[in-house]
Every structure is written in structure tokens, then in C-alpha cells.
Amino acid sequence: MAWMLRLLFAVLIIRLIWKFVAGMVAGAREGRPRGTKTGGVLVRDPVCGTYIEPSRAFSTHEGGTTHYFCSRECQQSFGKTT
Ligand SMILES: [Zn+2]
């Protein structure tokens, strides 16, 4: 009867892998690399070059694009140069 347990185990493993792959595909479809404030995606501060999370960054909307800054100092100095 051991083969039955092995078969059951194999089916469980396959189902786990399938769920994992399906989740990755769904995540790749939903999570767009740019434009959204999803977690995990980092944006570059154009003033000092630091990479920050958009949700934590200071943002400035300008000409249809959004610029993200690590601090208010960087945000203000960016405004001065343009
Ligand atoms: Zn900065």
C-alpha cells in the first residue's frame, strides 16, 4: 500500500508547484514594473541617485511624469534646478 501514499504525496507536490507557478504568473500580470505604487519596486532619486520605495518617497508631478525623492531636501533642490 506504500505506492498509494507515494502517489498521494506526488499529487500534493504537483498541486503545490502548480499553485506556486500560477501565483507567479498572476503576480507578473498584475504587478507592473513602472507607474504604480506596488511594493518591491524601487525608483531612483534624480538628485542624489538613491533608490527608494515610491510609497515612502517624496514625489513631485511634473509634465505628466512623477519624480521621487529620498528626502524633502532633494525634492526642493530638484525644483530649483528646473
Ligand atoms: Zn536624495
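The protein chain has an average pLDDT of 86, and 85% of its residues score at least 70; pLDDT is the predictor's confidence in each residue, from 0 to 100. This is a predicted model, in which local features need pLDDT of at least 70 and side-chain atom pairs count only at pLDDT 80 or more, while totals for chains, interfaces and linings use all residues. Residues are numbered from 1 along each chain as its sequence is written, and side-chain values use heavy atoms, with hydrogens and water left out.

View 1. Mean confidence is lowest in helix 2, at 86, and highest in strand 2 (residues 51-52), at 94. Of the 82 residues, 13% are buried (buried means under 20% relative accessible area, exposed over 50%, partly exposed in between, with a 1.4 Å probe and protein chains only).

**View 2. Four residues hold the zinc ion.** Asp45 (OD), Cys48 (SG), Cys70 (SG) and Cys74 (SG) coordinate the zinc ion at 2.0 to 2.3 Å; donors are N, O and S atoms within 2.8 Å of the metal (3.2 Å for Na, K and Ca), and as water is not among the atoms, sites may look incomplete. The site is tetrahedral, with angles of 97 to 118° among the 4 donor atoms (for four donors, tetrahedral needs all angles between 85 and 135 degrees). Along the chain, the donors follow the spacing D-x2-C-x21-C-x3-C. Asp45 sits in the loop between strand 1 (43-44) and strand 2, and Cys70 in the loop between strand 4 (65-69) and helix 2, so this pair ties together parts that are 25 residues apart in sequence. Asp45 is buried, at a relative accessible area of 0%, whereas Cys70 is partly exposed, at 31%.

**View 3. Gln75 belongs to helix 2 (residues 72-81).** With a relative accessible area of 16%, Gln75 is buried. Its side chain makes a polar contact with the side chain of Thr60 (3.1 Å); a polar contact is a pair of N or O atoms within 3.5 Å, where within protein one must be able to donate a hydrogen and the other to accept it, and residues adjacent in sequence count only if both atoms are side-chain atoms. Beyond its neighbours within four places in sequence, Gln75 is in contact (heavy atoms within 4.5 Å) with Phe58, Ser59, Thr60 and Phe69.

Notes
Helix = DSSP H or I, 4+ residues; strand = E, 2+ residues; numbered from the N terminus. Tetrahedral: all angles 85-135°; square planar, octahedral: opposite > 155°, others 65-115°.
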